[in-house]
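Here is a short briefing on one protein chain. Look at the sequence and the fold before reading on.

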Amino acid sequence: MAQIREIKKRMVAVGTIQRITKTMQMIATAKFTAAVQRARSTQPYTEKIRELVAAVCSDPAELDHPLVGGDRPKTGRELLLVIGSDRGFCGAFNSNVLRNSLRYHRRRIAEGVEVQVETSGKKASNFFKFARIPVAETHDIGDKPLFEDVSKLADRLMDLFTAGEVDSVHVAYMRFESNSRQIPEVQQLLPLQAPEMDPSGVSAAMYEFTPDEASLLNDLLPRAVRTSLFQSYNDAVVSEQIMRMIAMKAATDNAASLGRTLKRDYNRARQARITTELTEIVSGAAALA
């Protein structure tokens, strides 16, 4: 009797878990749909900004801008921004990003570079705290990043770079390629890479710019940094939601499978109890006869 009661309690608990994970899967699916629309809508703008920078910079060798770096004294210090999530239950999203960023951090430390770590998301902050790696700043952008908030963060990073406090800025995040492919990546945000010259050695097209190229680059290059960082956040949010959706679907399927197993065990135990009771009744009747 005790065994049947215990199995029934487990069946109720598994059923509750299945309903919760199913709900979480549906919520993640809705958030993923909205996030992937935002990411895909900003991607063309980001690519167009890069094309404009390449078009304005007719001669990359002569590109002289504080965000490009150029020849300046090195400090031996760089900044690493790690984009994680605020919540768990998203599969291997955080573990992949954080392991990749930790490998990069250790490699740069071994090369003699001082790495200043900044994090976005509670999971990233807790990870580096557990690893006993100091975190200089934590940023609360959330799972619906706004361009205004990301722009303020990008402006701060550009100020640190142009002031000469860091030699470079890298961003560790999960790059979204497709629904079935997300890649943990460490992207160089600053200094900006000069656009590559045409293989023939001659610019593909010559333009006359109004205002002049320097004025255009003063606006385009900071805008390119802001849009690149914003795209990184959008990719990270999409990857988080799709991994949470997959994880919750797997949890729901596992709960359903466990529920079927428990129901089979419950039926067997109930059948065994009925058989035992019938045997006792028949034996008692035979003894009285």
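How many bridges join β1 to strand β2, and do they run parallel or antiparallel? Seven bridges link the two strands, and they run parallel. Keep in mind that this is a predicted model. The chain has five helices and five strands. Along the sequence they follow the pattern α-β-α-β-α-β-α-β-β-α.

**Strand β1 and its partners**

- Strand β1 covers residues 77–83. Six of its seven residues are buried, so to be counted there each has under 20% relative accessible area.
- On one side, β1 pairs with β2, residues 114–120. Here Arg77 has Glu114 as its bridge partner.
- β1 is also joined to strand β4, residues 168–178, by five bridges. These two strands run parallel as well.

- Five strands form an open sheet in the order β3-β2-β1-β4-β5. The pairing is mixed.
- β3 (135–139) and β5 (181–190) are the edge strands. Each has a single partner strand, so one side of each has no neighbour in the sheet.
- On average, neighbouring strands of this sheet are turned by 25° against each other, direction ignored.

**Helices against the sheet**

- β1, helix α2 (residues 93–110) and β2 make up a right-handed β-α-β unit.
- Helix α2 lies across β1, β2, β4 and β5. Its direction is at about 175° to β1.
- Helix α3 (residues 122–130) lies across β1, β2 and β3. It runs at about 140° to β2.

**The core**

- Nonpolar side chains tend to be buried together in soluble globular proteins.
- In this chain, the largest nonpolar core has 57 residues. Leu81, Leu190 and Leu229 have the most contacts inside it.
- Helix α5 (residues 213–288) gives this core its largest share, 14 residues.
- Leu81 touches residues including Glu118, His139, Leu153, Val171, Leu229 and Tyr233, leaving aside residues up to four places away in sequence.

**The whole chain**

- The chain has 289 residues, and 39% of them count as buried.
- It exposes about 16,700 Å². Carbon and sulfur atoms supply 55% of that area.
- Take the contacts between residues at least 6 apart in sequence. Of these, 80% join residues at least 24 apart.

Methods
Residues numbered from 1 in each chain as written. Predicted model: local features only at pLDDT ≥ 70, side-chain atom pairs only at ≥ 80, totals over all residues. Heavy atoms only, no water. Buried < 20%, exposed > 50% of the residue type's maximum accessible area, 1.4 Å probe, protein only. Helix = DSSP H or I, 4+ residues; strand = E, 2+ residues; numbered from the N terminus. Pairing = 2+ DSSP bridges. Right-handed = clockwise from strand over helix to strand, strands pointing away. Contact = heavy atoms within 4.5 Å. Areas by Shrake-Rupley, 256 points an atom, 1.4 Å probe, with all protein chains shown as cover. Core = buried A, V, L, I, M, F, W, Y, C linked by side-chain atoms within 4.5 Å. Axes fitted to C-alpha atoms, helices over the stretch in contact; angles between N-to-C directions.
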